[in-house]
Amino acid sequence: MRSILVVLALTVSAFAAKDYSGYQVLRVTPRTDEHRQWLRDMETSMADELDFWSDIKNIPGSTVDIMVPNRLRSNLLDLFNVKRMQVSTMIEDVGQLIRDQEKERIERQVYTQDLSTFDYTIYHDYDEIQQWVVDIVNEYSTIATHFELPKTSYEGRTISGIKIRGTGGDSGTRKGVYFEGGIHAREWISPATLMYITKLLLEDYMAGDATALRFFDTLDWYIVPSLNADGYTYTRTDDRLWRKTRSNNEGTGSGCMGTDPNRNWPYEWGGQGTSAYPCSILYHGSNALSESEVEAVVDFLRDKKDNGQDFLWFIDWHSYSQLVMSPWSFSAEEPDPYNIDQLQAAGEAMADGIRSYSGTEYTVGPTAKLFDPAAGLSNDWGYAPYNSEKDQGGLGAPYSYVMELRDTGTYGFLLPEDQIEDSGKETVLGVYAMGTYILDQEGL
Ligand SMILES: [Zn+2]
């Protein structure tokens, strides 16, 4: 059964984009620990066929979103019914929703090198995002420079970023900030929001905004808007809901492509909340840093660190669920981080800032306590102490987060473009609030 399904999936994608007609996203409410465990087992045993869009949270009343193909739907509904678990339909027809959104982008002109024409309210192709990086750096050349990560993606794409260093303030070594978008391919709101924030911060700096001046004249910023270059490209051409990288898992005999890059970071790699099965969307890879894109970031930031630059602030931007997640992710039993109170307060500052725009609510807390533990995550690597062995330590940034952006489950990964602007405007207020808290704490 499994191998037939895989062959079918490969055949379909060879000729056209993957068709999700008749797929639904069901929203299930587990009531007990037994329910949660049952869902976890199902997530593992049916990794080929069910796509868990959201994590199984350890919060009473919280829901789990599961994308289900048509042919499994009635059996699953029966099972949920037997378990007396409440179920609702979050997305009636995933294929139709994708086609509706596709229609809107088909007629569009490709963005070409004129920043004044760049439309921040649509989702762009990978090449357009790379071009935008070049163009925004040219526009703000007094404070922004272009960089490339030291390794390409698996398929050989260059991964670009923006370094921002204000012209005021101290001319010596400054502490660093690292923001990264798009590590999960289908989370399109992440690169879009990160680009929007970057633009707003740069405009505010030029306009003399006191907080933007403080940010860029105190710290060195490194922003990579779209890290999973191959996966993102694949979501634009072949499979809108692809999550992982596009490495081929040669030698595993699975026939399945891709690793979950946010289970591939080298700190506490391969533990709970990951999968050793290459067809799983949580596949942790053959070893830590097996994915070129993750190793590229680690090499890039370790090189800064080796040259005397400490990092203060690390955010890996994802969607969806509206969460600010701090370390630890890999274990709920691990002693709390030494600055757990500050991590939480900075997270709440982010949530307060976001809420102040139009009331959007974010939940704040350590990943492993909000959810099940998940090992090899970016926020743990960002936080964990530096180690001279690349495959063991982290970056040592005292403020390190995974952010899950909009929404809480009307559209999930298929968030419409008309929410990009509000996502950008509310999130930048969160960034201002969190950054202000951090700089105050540090006396900077
Ligand atoms: Zn994600």
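This is a predicted model: local features need pLDDT of at least 70, side-chain atom pairs count only at pLDDT 80 or more; totals for chains, interfaces and linings use all residues.

Colleague: Which residue of β3 stands opposite Phe 52?
Modeller: Ile 66 does.

Colleague: What order do the strands of that open sheet have?
Modeller: The order is β2-β3-β1-β4. The sheet has four strands, with antiparallel pairing.

Colleague: And which strands stand at the edges?
Modeller: β2 (51-52) and β4 (86-91). Each has a single partner strand, so one side of each is left without a neighbour in the sheet.

Colleague: Remind me, what do strands of a sheet pair through?
Modeller: Backbone hydrogen bonds, either parallel or antiparallel.

Colleague: Now the open sheet of eight strands. What order does that one have?
Modeller: It goes β5-β6-β8-β7-β9-β12-β10-β11, and the pairing is mixed. At the edges are β5 (144-148) and β11 (363-366). Each of these has a single partner strand, so one side of each lacks a neighbour in the sheet.

Colleague: What does the twist average there?
Modeller: From one strand to the next, the average is 20 degrees.

Colleague: How many bridges join β6 to β8?
Modeller: Three. β6 (residues 160-164) and β8 (residues 219-224) run antiparallel. Ile 164 has Trp 221 in β8 as its bridge partner.

Colleague: Switching to helices. At what angle do α6 and α13 cross?
Modeller: Roughly 60 degrees. The axes of α6 (residues 189-206) and α13 (residues 420-442) come within 8 Å. That angle makes α6 oblique to α13.

Colleague: Left-handed or right-handed?
Modeller: The crossing of α6 and α13 is right-handed.

Colleague: Which residues make the contact?
Modeller: From α6, they include Ile 189, Tyr 196 and Leu 200. From α13, they include Ile 420, Gly 424 and Val 431. By class, the contact of α6 with α13 has nine nonpolar, four polar and no charged residues.

Colleague: Last topic, domains. Where does the assignment put them?
Modeller: Domain 1 is 2-104, and domain 2 is 115-235 + 277-442. The C-alpha centres of the two lie 28 Å apart.

Technical notes. Residues are numbered from 1 along each chain as its sequence is written. Axes are lines fitted to C-alpha atoms, for helices over the stretch in contact, and angles run from 0 to 180 degrees between N-to-C directions. Helices (H or I, at least four residues) and strands (E, at least two) are DSSP runs, numbered from the N terminus. Angles under 35 degrees count as roughly parallel, over 145 as roughly antiparallel, 65 to 115 as roughly perpendicular and the rest as oblique. A crossing is left-handed if the near helix is turned anticlockwise from the far one by less than a right angle, and right-handed if clockwise. Two residues are in contact if their C-beta atoms, placed from the backbone, lie within 7 Å. Ala, Val, Leu, Ile, Met, Phe, Trp, Tyr, Cys and Pro count as nonpolar, Asp, Glu, Lys and Arg as charged, and the others, Gly among them, as polar. Two strands pair if DSSP finds at least two bridges between them. Domain bounds come from an automatic or database domain assignment.
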